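Thank you all for coming; I would like to walk you through one structure this morning, taking a few local details one after another. Please have a look at the sequence and the model first.

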Amino acid sequence: MATIAGARQAAAALHYPPIDAFVAAGEADLQLAGGDVAAAERWGAAAGLSPTDSPTFMREGEYLTYARLLLAQGRAADAQTLLTRLEDYARDAGLVRTQIIVAILQARALATLGQREAARARLGDALRLAAPAGYRRVVLDEGPAILALLPSARAVAPVFVDGLLASRAPTDGPAPAAGQQSLIEPLSERELEVLRLVAAGLSNGEIAAKLFVSVGTVKTHVHNIFGKLGVVGRPQAMARARELGLA
């Protein structure tokens with residue numbers, strides 16, 4: 001953030017708005033990485049961007065940041081709309097690094113939407129572009145979320161993926177449990193806790209009372225669990241959980 005402050009000061013001396021906008025997007029990216037979604041949302045409101053915009057070279061960085069913001073807000077469908085436009089732009093311009101970033105973000109969006117196979121395929125596309133040229137940093141910079149997805153697409157580039165996973169920083173948190181390696185998006189600790197209570201036969205109301213949360217919160221967790229497991233209903237969820245050794 002100190003470096004960004006210096007960049008902002010230097011940009012101001014140029015009196016060139018596109019550079020000011022580029023620096024502001026970089027700051028918003030750092031805010032998202034630090035979990036300050038509210039600050040990034042203020043940037044997004046001021047930037048005046050829309051998922052249906054047509055990206056340009058001068059504003060590429062802004063739109064990539066905006067796509068990450070949409071994902072952080074849970075607006076995966078809007079993110080997909082924007083990322084499709086970014087994909088066309090990057091492919092037409094021959095921008096390999098941007099194509100990799102877009103494919104990674106599309107994998108995250110698809111996983112959020114519960115489209116597990118499509119997410120795995122899109123992540124595989126990113127790895128096919130990244131591995132031959134050794135684009136390690138561009139993958140790692142997408143943070144813990146993408147590291148959690150990597151095992152699902154390991155077969156595309158095993159050596160490259162293993163190297164990326166070995167680079168996991170301690171602050172990135174623990175690797176997904178063995179039973180979760182086949183999931184495109186691992187369950188959180190809270191979701192695992194809810195899943196085990198579901199497998200034990202507890203109702204949503206009973207789970208809510210046990211965890212001291214609202215029934216609505218439990219329903220949200222259960223919905224997310226079903227999506228990540230790729231199942232419909234509790235019987236399928238319990239069977240899938242047992243298959244993975246999660247319950």
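**Two loops and a helix pair**

Let me begin with F212, which lies in the loop that runs between α12, residues 204-211, and α13, residues 215-229. Please keep in mind throughout that what we are looking at is a predicted model. The backbone at F212 has a positive phi of about 60 degrees, although F212 is not a glycine. Is F212 buried or exposed? Its relative accessibility is 76%, and because exposed means over 50%, F212 counts as exposed.

A second residue to look at is H15, which is found in the loop between α1, residues 2-14, and α2, residues 17-33. H15 is not a glycine either, and yet it has a positive phi, here of about 55 degrees. With a relative accessibility of 68%, H15 also counts as exposed.

Helix α3, residues 37-47, packs with helix α4, residues 60-72, at an angle of about 130 degrees, and their axes are 10 Å apart. That angle makes α3 oblique to α4, and the crossing in which α3 passes α4 is left-handed.

Which residues meet where these two helices pack? On the α3 side they are V37, A40, E41, W43 and G44, and on the α4 side they are E62, T65, Y66, L69 and A72.

Key:
Residues are numbered from 1 along each chain as its sequence is written. This is a predicted model: local features need pLDDT of at least 70, side-chain atom pairs count only at pLDDT 80 or more; totals for chains, interfaces and linings use all residues. Side-chain values use heavy atoms; hydrogens and water are left out. Axes are lines fitted to C-alpha atoms, for helices over the stretch in contact, and angles run from 0 to 180 degrees between N-to-C directions. Helices (H or I, at least four residues) and strands (E, at least two) are DSSP runs, numbered from the N terminus. Angles under 35 degrees count as roughly parallel, over 145 as roughly antiparallel, 65 to 115 as roughly perpendicular and the rest as oblique. A crossing is left-handed if the near helix is turned anticlockwise from the far one by less than a right angle, and right-handed if clockwise. Contact means heavy atoms within 4.5 Å. Buried means under 20% relative accessible area, exposed over 50%, partly exposed in between (1.4 Å probe, protein chains only).
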